[in-house]
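Please open the model in your viewer and keep the selection panel at hand.

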Amino acid sequence: MEVANSIIVWASLLTGSLFAVIGGIGVLRLPDVYTRLHGAGITDTMGAGLILFGLAVHEGFTLITVKLVLIFIFLIITSPASSNAVANAAHSSGLRPMLDSDLKNKASSNSGARS
Amino acid sequence: MFTATTIAILLTMSLAIARMCIGPTIYDRVLAVNMFGTKTVLLIAVLGYLIGRPDFLDIALVYALINFIGTIAVLKFLRYGGFGDTHEMDTQDVDDKSNLSDGGPQ
């Protein structure tokens, strides 16, 4: 039982860390605001959710777990709301999503440059 | 295992800081700051386990709230140029689907 508990904690924490790093790389490498929102959303949902789940399994049923669940509920409510607010503000300020043709033109005009 | 998670969260925070510095538009920076705040909440939670004091979760809880309010406040300030002056908001060209306009004090 102890071994299974430890395995669940390890797998959750490491998978959450992997998702967080993947989302961070996506935020740095993707070409557009709207695509970078996707990377930030991965770190906010899967990364935070799995890490907090791993901590809660490690702790057991105590008051600490209640606080972890509260943090998870706050994050699961506020992360889509803030992502939606960023996308809404960017869209209403006149920023348009980058299409595939824009990406090809940009790659052909300055090859190798990161946006 | 908490050390590995802490290192991964710190790596993600450094990537978010890089995007915050080189972001072409202001919305990239707001997005990176929001992501940085979420990673700070996780870092506080994991760090409490790492040093054996899970009491830090209260601070993480408060930081999650402040992070959301701060992001919405910065976006509202960028969009309207102010926080509570609703008379000047009505004169601008604002679509009705925005839920940011009815949050300020009258």
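How many cavities of 30 Å³ or more does a search of the whole structure find? The search finds 1 cavity of that size. A cavity here is a set of points on a 1 Å grid over the protein atoms alone where a 1.4 Å probe fits but cannot get out. This is a predicted model, in which local features need pLDDT of at least 70 and side-chain atom pairs count only at pLDDT 80 or more, while totals for chains, interfaces and linings use all residues. Residues are numbered from 1 along each chain as its sequence is written, chains are lettered from A and ligands numbered from 1 in the order in which they are written, and side-chain values use heavy atoms, with hydrogens and water left out.

**The cavity**

A lining residue has an atom within 4 Å of a point.

Next, colour the lining by helix (a DSSP run of H or I, at least four residues). α3(A) gives the largest share, 4 residues. At least two lining residues each come from α3 (63-92) of chain A and from α2 (26-50) and α3 (57-80) of chain B. By residue class, the lining holds 3 nonpolar, 6 polar and 1 charged; Asp, Glu, Lys and Arg count as charged.

**The interface**

Now display both chains and select the contact (heavy atoms within 4.5 Å), which takes 46 residues from chain A and 39 from chain B. About 3800 Å² is buried between the chains, and carbon and sulfur atoms give 77% of this area. Buried area is the accessible area (1.4 Å probe) that two parts lose on being put together, summed over both.

**The salt bridges**

Across this interface the rule finds 2 salt bridges, each a side-chain nitrogen of Lys or Arg within 4 Å of a carboxyl oxygen of Asp or Glu. Select Asp58(B) and Lys67(A): their closest N and O atoms are 3.2 Å apart. Then move to Asp28(B) and Arg36(A), whose side chains meet at 2.4 Å, N to O. This pair crosses from helix α2 of chain B to helix α2 (residues 33-59) of chain A.

Technical notes
1 Å grid on protein atoms, 1.4 Å probe; cavity = no way out; pocket = protein on both sides within 12 Å on 5 of 7 lines; lining within 4 Å. Points joined across faces, edges and corners; volume = space filled by probe spheres on them.
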